[in-house]
Amino acid sequence: MANPYLPSWEYIPDGEPRVFGDRIYVYGSHDRVDSDEFCDYKLKVWSAPVNEPGKWVCHGDAFHTKADRDHASDIDWSEKCLYAPDVVEKDGKYYLYAYILDSKGCVAVSDKPEGPFELVSRYEYNIPDHYDNGTFIDPGVLVDDDGRVYVYCGYLGSYMCEINGDNMYQVIDGTYQENIIPTDEPWNFFEACSPRKVGDTYYLIYSPKGGCQLAYATSDSPTGPFTYRGYIVDNGIDFPGGNNHGSICKIGDQWYIFYHRMTNGTIMSRRGCVEKIEILPDGTIPPVEMTSLGFEDSLNPYELTPADTACVLKGSEQLMITEMDAFTRVITNITEGCVMGWKYFDFGDDFTNGTMTIALKMQPRGCSGRIHVYLDDPVEGEKIGTIEFGTGDHVAEGVMRMVTGRHAVYFVAEDAHSGWAKNSFTGRQLLDLEAFVFRK
């Protein structure tokens with residue numbers, strides 16, 4: 001499954017990946033395509049087999065802060081949206097830690113990792129001048145090997161405390177600690193705490209100031225001090241960036257970073273993505289680029305590629321992926337000079353000196369133009385062909401040089417008007433791109 005890794009109609013940001021048994025589960029917020037605010041009043045759970053991480057199943061709604069047509073609310077003290085949850089297993093039970101906007105946070109439990117979850121309690125604590133008055137913003141939870149339980153939280157400042165493992169909601173007196181990740185250089189803590197333990201090393205993945213990156217710090221103790229180690233992924237490089245939230249997870253023998261990226265011209269319609277990472281013997285995680293791969297090793301150019309798997313969109317602030325309806329997502333607002341990119345395709349090694357074709361599925365916008373196709377770089381890379389399209393074309397085709405090997409593919413848009421009134425067409429939308437395929 002390519003990025004985004006869930007079905008194209010689903011919006012699950014803030015993903016916390018967990019392996020329970022032989023399945024990988026993703027717990028996250030639930031965004032809405034046309035919303036002017038973050039998140040929703042419900043949480044949904046998706047899972048996939050560890051040995052087939054592209055085959056996702058939706059388990060439906062897991063928890064609610066507002067009644068809907070099928071469910072009653074699971075709490076009675078708030079009807080605010082649910083943000084950035086986490087789920088951990090303890091003694092055969094699965095505990096959901098829910099952040100409720102501007103309201104007291106809570107803990108819920110289920111016999112199954114997919115839920116649904118039933119309320120256990122709000123957090124109970126004896127902390128004078130508590131950082132967020134019991135909200136427990138963006139809770140990330142760690143059940144250590146000795147059974148002790150820690151929760152890490154924060155927005156514009158971080159804190160942590162130990163939770164009573166017998167009930168999973170009472171804060172143990174004296175364990176509250178602020179500034180677990182500092183807000184100054186080099187840590188620059190912003191939000192989105194997510195703890196993990198790898199061997200004997202404790203990792204805290206978080207979003208630093210600026211919001212587009214996921215950074216990490218490490219310690220030899222769950223209570224710190226933590227050492228800043230760098231960032232893992234940035235969702236704003238050559239793409240319309242926004243906030244970021246996610247974590248690392250080992251699936252089989254491979255480590256991944258789960259994160260999200262933006263669609264629909266807003267920071268409030270976020271879709272889950274994943275990249276392969278490596279944890280080196282010294283504990284560091286080299287930064288990875290944002291790609292179209294997801295769980296795949298490479299994309300097949302001879303299969304239909306949906307345009308919304310693009311990982312590079314640049315050249316215009318208006319260029320974006322957007323949802324037209326339940327079946328259609330396009331790259332829209334494509335004007336002259338816009339660049340769209342996909343990483344990476346494997347064209348194989350059966351080299352010939354001939355040519356191949358590429359077909360674009362598109363929605364015309366009353367302009368004629370060209371799409372130039374480049375390998376590996378939209379400026380310095382090799383141009384392998386050009387696709388001409390007219391004012392009413394829904395499919396456009398072009399002849400390409402035959403390609404072998406593994407490459408990023410870039411489309412660069414050009415307006416075809418060249419007369420004395422060309423300036424009248426400056427900035428005009430040329431097309432909406434829905435999909436494409438290479439054909440030998």
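Visitor: At 44% relative accessibility, how does asparagine 179 count?

Guide: Happy to start there. This is a predicted model, and the cut-offs are under 20% for buried and over 50% for exposed. Asparagine 179, at 44%, therefore counts as partly exposed. The residue lies in the loop between strand E12 (177-178) and strand E13 (189-198). Look at its backbone too: phi is positive, about 60°, although asparagine 179 is not a glycine.

Visitor: Which loop holds aspartate 376, and what is its phi?

Guide: Aspartate 376 sits in the loop between strand E26 (369-375) and strand E27 (382-389). Its phi is positive, about 75°, and again the residue is not a glycine. With a relative accessible area of 42%, aspartate 376 is partly exposed.

Visitor: Is serine 35 buried or exposed?

Guide: Serine 35 has a relative accessible area of 12%, so it is buried. You will find serine 35 in the loop between strand E2 (23-27) and E3. Its side chain reaches the backbone oxygen of glutamate 37 at 2.8 Å.

Visitor: How should I read the sheet with the order E1-E2-E3-E4?

Guide: In general, strands of a sheet pair through backbone hydrogen bonds, either parallel or antiparallel. Here the 4 strands form an open sheet with antiparallel pairing. Strands E1 (16-20) and E4 (57-64) are at the edges; each has a single partner strand, so one side of each lacks a neighbour in the sheet. On average, neighbouring strands are turned by 25° against each other, direction ignored.

Visitor: How many bridges join E3 to E4?

Guide: There are 5 bridges between E3 (residues 42-49) and E4, which run antiparallel. Lysine 42 stands opposite histidine 64 in E4.

Terms used: Residues numbered from 1 in each chain as written. Predicted model: local features only at pLDDT ≥ 70, side-chain atom pairs only at ≥ 80, totals over all residues. Heavy atoms only, no water. Pairing = 2+ DSSP bridges. Helix = DSSP H or I, 4+ residues; strand = E, 2+ residues; numbered from the N terminus. Axes fitted to C-alpha atoms, helices over the stretch in contact; angles between N-to-C directions. Buried < 20%, exposed > 50% of the residue type's maximum accessible area, 1.4 Å probe, protein only. Polar contact = N/O pair within 3.5 Å; in protein donor to acceptor, adjacent residues only side chain to side chain.
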